[in-house]
Amino acid sequence: MSVHRNLSEQSDFENLLYIETRRSERSNRPLCLVLVAGIKIDDEAVRTRAFRKIFQPLRSSIRETDIVGWYQQNSTLGIVFPDLPTVTTVVVEGLRRKVMGAIATLLTPELIGRIDVSLYVYPVNHDIASGSDTSTFHLDIPPQYRAGRAEQAIKRLIDVAGSLLFLVALAPLFAVIATVIKVNSKGPVIFRQARVGQQGTPFMFLKFRSMYMNSDVALHKNYVTKFISNDEAASPAAAVYKITNDPRITRVGRFLRKTSLDELPQLWNVLRGEMSLVGPRPPLPYELECYAPWHHRRVLGVKPGITGLWQVTGRSRTTFNEMVRLDLRYVRQWSIWLDFKILLQTPKAVLMGEGAY
């Protein structure tokens, strides 16, 4: 790997940026990413020479701990300013002037006009005025943690085959559950709810309805907000991610939730490609509003799943942070074998019913 004082190649820069975002999460000190894009310079040789010409003066004008490298090889230069005490509009504009000053003294006006400079901060910073052209970002997992295309294709093939098989085999059970729900309470059989999927993409999440119609969402929203914020009043006896005595749930709904039968319609989400058989559970949009920066990584790298490490190692009887750590461990250690292992452990977790409400 190239050292910081040299121009890091794209793969090295991605890894260094990833490490700095993790460090920022732990220290609660933000970072700023400046991108210098030369895509408007058509001649690659001219573009590369221009970047290398400004690199040394730029390197000497910033801190030794700042990182310079290729964000996109030979087309976009990236500069990371980590460990900042705060990031405000004044600070960001100061960094912008520093980068633009290094560029202006070395390139011709024609080349300067073809270079775009953009700034991004991590994590989300509300001190920056809404009118600023500075954005926030969530970084994808680096290449060494990403599954290869062949592995992703195999996982998708398993998802399609598995969801089709279960949908056909369980069709009689679907009919029985639908009938019981209809007889027990008024309302549709299927409950549809907006959830957040991979890379923050929203989708319509399906479940068998287990609640009375027009139930107030405020009860769950307040509970989850307190729980994620680690409010002891949310779970005085134990770490429980779901409300244990939810008055909104029907009598049949309690049985469906206890046995996880209410989750079966998500096989359709899997078939549609919105979910996987195995992965982190998809959060509600208002849950995301309570997330710390590092929590967001559980919804970035992989598709959400019907079952996962959390479900087979405690389900609702884990703290929220422990749940997120299990999801992140799954992202880092993912393999086809790990998926099969979790799938094989799921029936036991469901039958035991521990932590299910």
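Buried here means under 20% relative accessible area, exposed means over 50%, and partly exposed lies in between (1.4 Å probe, protein chains only). The views below come from a predicted model, in which local features need pLDDT of at least 70, side-chain atom pairs count only at pLDDT 80 or more, and totals for chains, interfaces and linings use all residues. Residues are numbered from 1 along each chain as its sequence is written, and side-chain values use heavy atoms, with hydrogens and water left out.

**View 1. Thr-21 sits in helix 1 (residues 10–27).**
Helices (H or I, at least four residues) and strands (E, at least two) are DSSP runs, numbered from the N terminus. With a relative accessible area of 0%, Thr-21 is buried. Look for its side chain beside that of Arg-22: the two are joined by a polar contact of 3.2 Å. A polar contact is a pair of N or O atoms within 3.5 Å; within protein, one must be able to donate a hydrogen and the other to accept it, and residues adjacent in sequence count only if both atoms are side-chain atoms.

Phe-51 is 52 residues away from Ile-103 along the chain, and their C-alpha atoms are separated by 9.0 Å.

**View 2. Two of the aromatic pairs, from a search of the whole structure that finds six.**
A pair of aromatic rings is described by the distance of the centres and the angle of the planes. Rings of Phe, Tyr and Trp (its six-membered ring) pair if their centres lie within 6.5 Å; planes under 30 degrees apart count as stacked, over 60 as edge-to-face and the rest as tilted. Phe-51 and Trp-70 form an edge-to-face pair, 5.3 Å centre to centre with 85° between the planes. Phe-51 belongs to helix 2 (residues 44–61) and Trp-70 to strand 2 (residues 67–72), so this pair ties together parts that are 19 residues apart in sequence. Phe-51 is buried at 2% relative accessibility, and Trp-70 is buried at 0%. In the pair of Phe-174 and Phe-208, the ring centres are 5.4 Å apart and the planes are at 65°, so this pair is edge-to-face. It links distant parts of the chain, with Phe-174 in helix 6 and Phe-208 in strand 7 (residues 202–208), 34 residues apart. Phe-174 counts as buried at 17% relative accessibility, and Phe-208 is buried at 3%.

**View 3. Helix 6 (residues 171–184) packs with helix 8 (residues 251–259).**
Their axes are 9 Å apart, at an angle of about 150°. Axes are lines fitted to C-alpha atoms, for helices over the stretch in contact, and angles run from 0 to 180 degrees between N-to-C directions. Helix 6 and helix 8 are therefore roughly antiparallel; angles under 35 degrees count as roughly parallel, over 145 as roughly antiparallel, 65 to 115 as roughly perpendicular and the rest as oblique. Ile-177, Val-180, Ile-181 and Asn-184 of helix 6 make the contact with Arg-251, Val-252 and Leu-256 of helix 8. These residues divide into five nonpolar, one polar and one charged. Ala, Val, Leu, Ile, Met, Phe, Trp, Tyr, Cys and Pro count as nonpolar, Asp, Glu, Lys and Arg as charged, and the others, Gly among them, as polar.

Technical notes:
Contact means heavy atoms within 4.5 Å.
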